[in-house]
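Have the structure open as you read.

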Amino acid sequence: MTSGVSVIGAGESPYTRHPASDTTTERVLADAVRRALADANLQTSEVDGFGVCSFTLGPDHAIDLAWRLGLRLRWLMQDTNGGASAGTMLQHAVRAVESGDASVVVLVAGDLMDQQVHLKMVAEYNRATADHLVPLDMLGPNALFALLTQRQMAAEGLTRTDYGRLAVAQRAWAALNPGAVYRKPMTLDDYLNAPMVAEPLGRYDCVPPVTGADAVVVAADERAAGTRRARVLTVSARYNSDDQTGDGLVTGLADCASELWDTAGHGPADVDVVSVYDDYPAMALAQLKDLGLVAGGEMPAFIAERLATRKLAVNTSGGQLSAGQPGSAGGMHGLVEIVRQLRGQAGQRQVDARLGLFSGYGMVLYRYGACATAGLLEAAE
């Protein structure tokens with residue numbers, strides 16, 4: 001799929017660990033939509049397509065939020081796939097614009113995520129969690145991904161120092177991003193000496209929940225002719241790729257990779273900037289491997305030579321590990337960063353980027369993420 005469709009605007013409602021008492025999910029979603037439309041120099045009256053992903057919007061739905069935003073639409077979708085929501089919604093939005101079902105589509109994801117909301121969500125994430133994990137006193141996913149990280153360490157010859165180099169590099173990127181929640185420089189000693197959460201995961205291996213939202217504006221290329229935009233080359237997705245029978249070290253992106261590169265006419269070596277879903281360092285590495293950016297058995301050298309040195313620009317926003325995980329917007333965060341990089345809007349962290357790759361991973365059904373999406377975008381004018 002090499003489309004004539006681009007992302008022409010992006011916005012992010014500021015992330016915070018401590019939202020004001022009057023903060024609501026509706027407000028942070030609306031704020032991100034307004035910022036994305038302003039970035040695209042469009043009015044709400046010009047939007048005729050809308051997609052939303054949120055864990056905490058209820059009892060409202062996409063149509064309720066659209067009404068509150070004053071949107072009159074021809075195309076509407078509500079996604080529930082969390083960390084994979086950006087790819088899921090973008091894939092559908094591109095088709096909607098190509099087919100003429102909509103001309104300007106706004107996609108938004110986000111949540112109010114204070115401690116009470118977070119604890120309720122992880123306990124009631126789905127029926128499998130409530131029935132099988134909560135009775136084991138495994139509240140939240142940290143213990144699950146600690147086991148996965150142990151397996152990855154054994155399979156790839158990784159140590160805590162290797163994961164620490166990834167986290168430290170992302171914190172260095174975050175120091176250049178005024179929107180990141182955690183910007184204070186972090187050393188490898190800081191990482192290694194942090195309190196243990198679930199061995200081998202320490203404090204800086206676990207993504208911090210925040211409140212916030214991200215949005216993008218999708219339209220046909222001719223709508224933004226003459227302006228810098230991020231053209232969508234391809235989006236690929238897999239759902240239930242291993243039927244929950246795998247060991248978690250391989251995501252659905254492994255099935256997406258060849259389709260993604262073949263359709264776009266590029267390979268992993270062509271990519272200038274990458275955003276991978278990083279709820280844990282192990283999952284960031286698994287996605288980089290599945291997408292072909294590093295081969296099995298080469299991870300320690302890859303981390304030391306490409307990630308720690310930041311020669312390969314990965315998660316230049318700081319990723320969720322430093323910028324924060326705003327609920328379902330965690331899946332949109334990486335796409336917004338790629339769009340900003342390709343449009344030259346990344347400020348001090350700007351890299352020389354013509355081709356950007358984003359990936360999403362999410363919806364831990366019982367063992368591991370059942371959803372995986374990835375997309376390639378290129379800078380265009």
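## A buried aspartate

Asp205 has a relative accessibility of 1%, so it counts as buried (buried is under 20% relative accessible area, exposed over 50%, partly exposed in between, with a 1.4 Å probe and protein chains only). You'll find Asp205 in the loop between strand E6 (201-202) and strand E7 (211-220); helices (H or I, at least four residues) and strands (E, at least two) are DSSP runs, numbered from the N terminus. Before going on, keep in mind that this is a predicted model, where local features need pLDDT of at least 70, side-chain atom pairs count only at pLDDT 80 or more, and totals for chains, interfaces and linings use all residues. Residues are numbered from 1 along each chain as its sequence is written, and side-chain values use heavy atoms, leaving out hydrogens and water.

What does the Asp205 side chain pair up with? Its partner in a polar contact of 2.5 Å is the side chain of Tyr191 (a polar contact is a pair of N or O atoms within 3.5 Å; within protein, one must be able to donate a hydrogen and the other to accept it, and residues adjacent in sequence count only if both atoms are side-chain atoms). A polar atom of the Asp205 side chain also lies 2.7 Å from the backbone nitrogen of Gly202. Leaving aside neighbours within four places in sequence, the residues in contact with Asp205 include Arg160, Tyr163, Asp279, Pro281 and Leu321, where contact means heavy atoms within 4.5 Å.

## Helix H10 and what follows

Pro281 also belongs to H10, where it is one of the buried residues. Helix H10 (residues 281-290) has 9 of its 10 residues buried, so it is largely enclosed by the rest of the structure. Among the buried ones are Met283, Leu285, Gln287 and Asp290. Just after H10, Gly292 takes a positive phi of about 90°.

Gly292 turns up again in the lining of the second largest pocket, along with Leu293, Phe302, Arg306 and Arg310, among others. That pocket has a volume of about 150 Å³, and its lining divides into 7 nonpolar, 1 polar and 4 charged residues. For the classes, Ala, Val, Leu, Ile, Met, Phe, Trp, Tyr, Cys and Pro count as nonpolar, Asp, Glu, Lys and Arg as charged, and the others, Gly among them, as polar.

On a 1 Å grid over the protein atoms alone, a cavity is a set of points where a 1.4 Å probe fits but cannot get out, while a pocket is an open set with protein on both sides within 12 Å along at least five of seven lines; lining residues have an atom within 4 Å of a point. The whole structure holds 4 cavities of 30 Å³ or more.

The largest cavity comes to about 100 Å³. It is lined by 17 residues, with Val276, Tyr277, Gly330, His333 and Gly334 closest to its centre. H13 gives the most to this lining, with 6 residues, and the classes split into 4 nonpolar, 11 polar and 2 charged. The second largest cavity has about 70 Å³ of space, and Ser241, Asp242, Tyr361 and Tyr368 are among its lining residues.

## Cysteines

How many disulfides are there? The count is 0, a disulfide being a pair of cysteine sulfur atoms within 2.5 Å. The sulfur of Cys256 is 11 Å from the closest cysteine sulfur, in Cys371, too far for a bond. Cys256 is buried at 0% relative accessibility, and Cys206 is buried with a relative accessible area of 14%.

Methods
Grid points are joined across faces, edges and corners, and a volume is the space filled by probe spheres set on the points.
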